[in-house]
Amino acid sequence: MSSPDTTLPMPAFARDDQALQILKEQHPVHAEIIQSLRENGFAILDPGFDPEDLQIAEDFCAAAVRKHGRVPNGWQVCDAVANLATHQPLLDALSAIYGRRAFPFQTLNFEFGTQQNAHADTYHFNAKPDGFMCGVWVALEDVADDAGPLFYYPGSHKLDTIERMDLIGARSYGDYEAHIAKAMQTRGFERRTALLKRGQALIWAANLVHGGAPRIDPGLTRYSQVTHYFFDGCAYYTPLQYDLKRQQHALRQPYDFARRRFVKSDRSILPGRSYTVTNLHQRARIYSVPIQRLFQR
């Protein structure tokens with residue numbers, strides 16, 4: 001793919017109608033995904049994952065995840081998890097749809113439904129220009145309605161992005177969840193659940209509100225993998241770590257594990273401070289060095 005066009009203020013699929021039509025004509029195989037992301041903030045597809053990778057990733061969930069509830073960055077210890085996240089047809093689709101090269105920076109693997117309250121990923125990690133981040137949820141088994149499936153609110157990605165400085169009160173994470181719950185109710189968004197089949201994937205736009213439905217049958221598994229992607233040529237930051245006193249953004253140095261390199265934030269797009277603790281922990285994880293050793297002389 002060519003170098004990112006850093007003059008674009010938004011992802012390719014989110015531009016005006018004329019640009020959208022041109023994009024769909026350029027990538028007809030992705031036309032339905034492009035239209036769904038534009039209108040609804042999500043799209044369901046079958047990327048054609050290797051069945052062996054799906055099975056190994058499911059086995060990984062059944063073993064490693066059981067001890068912790070969820071496993072972050074399983075790509076470091078399970079090749080199949082990494083293979084799903086770096087699946088080239090998926091990377092190519094994301095890069096075409098967004099107009100910049102996509103790169104994975106985090107995986108999460110689950111055995112059971114999270115039952116997580118409604119939220120948008122833009123409060124946890126975000127990019128400038130807006131929109132250049134997305135999540136891809138992969139079903140490692142057929143998802144049952146009683147197993148606490150992923151839920152989402154179509155169209156909610158078009159709401160203004162909410163960050164910590166926008167909240168009132170203590171500006172805690174609970175304040176954020178309450179704000180989102182109220183917005184979904186007062187604006188009349190309809191909640192849907194993702195009852196995907198094994199091997200299917202759901203792409204969601206950065207600001208789409210989503211969460212985990214209640215587990216009606218606590219014995220049912222919901223083996224799954226989430227990969228979060230950034231895109232080249234952006235500033236990357238963690239909104240929930242915004243320094244209210246200094247009024248500074250917490251910039252990230254995400255690790256592109258498709259290319260095995262750290263990616264610097266473009267400070268000309270978004271000034272801020274490097275969130276040292278997060279970056280040190282991340283580098284320690286990548287290089288398998290305990291964080292304490294980084295301070296030993």
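In the predicted model, the side chains of Arg273 and Asp243 form a salt bridge, with an N to O distance of 3.9 Å. Arg273 belongs to strand β15 (residues 273-274), whereas Asp243 sits in the loop between β11 (235-237) and β12 (250-251), so the pair ties together parts that are 30 residues apart in sequence. Arg273 has a relative accessible area of 24% and is therefore partly exposed. A further group of residues, Arg101, Asp232 and Asp256, is joined into one network by salt bridges that share partners.

Asp243 also meets the side chain of Arg246 in a salt bridge, at 2.9 Å from N to O. The relative accessibility of Asp243 is 12%, so this residue counts as buried. Arg246, by contrast, counts as exposed, because its relative accessibility is 59% and the cut-off for exposed residues is over 50%. In total, seven salt bridges are present in the structure.

Another of these salt bridges links the side chains of Glu58 and Arg198, with 3.1 Å between N and O. Glu58 is part of helix α3, and Arg198 is part of the loop between β7 (192-193) and β8 (201-205); the pair therefore ties together parts that are 140 residues apart in sequence. Glu58 counts as buried because its relative accessibility is 17%, which falls under the 20% limit for buried residues. Arg198, at 34% relative accessibility, counts as partly exposed.

Helix α3 itself comprises 13 residues (residues 51-63). At the start of α3, a side-chain oxygen of Asp50 comes to within 2.8 Å of the backbone nitrogen of Glu52. The buried residues of the helix are Asp53, Leu54, Ala57, Glu58, Phe60 and Cys61. Viewed down the axis of α3, these buried residues fall within an arc of 155 degrees, so they line one face of the helix. An α-helix has 3.6 residues a turn, so residues three or four places apart point the same way. Pro51 and Glu52, on the other side of α3, are exposed. The packing partners of the buried residues of α3 are β2 (70-72), α4 (79-85), β3 (102-110), β5 (133-139) and β10 (224-231).

The loop between β1 (42-45) and α3 contains Phe49. With a relative accessibility of 7%, Phe49 counts as buried. When neighbours within four places in sequence are left aside, Phe49 is in contact with Leu54, Leu84, His87, Leu90, Val138, Gly199 and Ala201. Leu90 lies 41 residues from Phe49 along the chain, and the C-alpha atoms of the two residues are separated by 9.1 Å.

For the protein chain as a whole, seven helices and 15 strands are assigned. The chain has 297 residues, of which 50% count as buried. Among contacts with a separation of 6 or more, 81% are between residues 24 or more positions apart. The accessible surface of the chain comes to about 14100 Å², and carbon and sulfur atoms account for 48% of this surface.

Notes:
Residues numbered from 1 in each chain as written. Predicted model: local features only at pLDDT ≥ 70, side-chain atom pairs only at ≥ 80, totals over all residues. Heavy atoms only, no water. Helix = DSSP H or I, 4+ residues; strand = E, 2+ residues; numbered from the N terminus. Expected span 1.5 Å × (residues − 1). Buried < 20%, exposed > 50% of the residue type's maximum accessible area, 1.4 Å probe, protein only. Arc of directions from axis to C-beta. Contact = heavy atoms within 4.5 Å. Polar contact = N/O pair within 3.5 Å; in protein donor to acceptor, adjacent residues only side chain to side chain. Salt bridge = Lys/Arg side-chain N within 4 Å of Asp/Glu carboxyl O. Areas by Shrake-Rupley, 256 points an atom, 1.4 Å probe, with all protein chains shown as cover.
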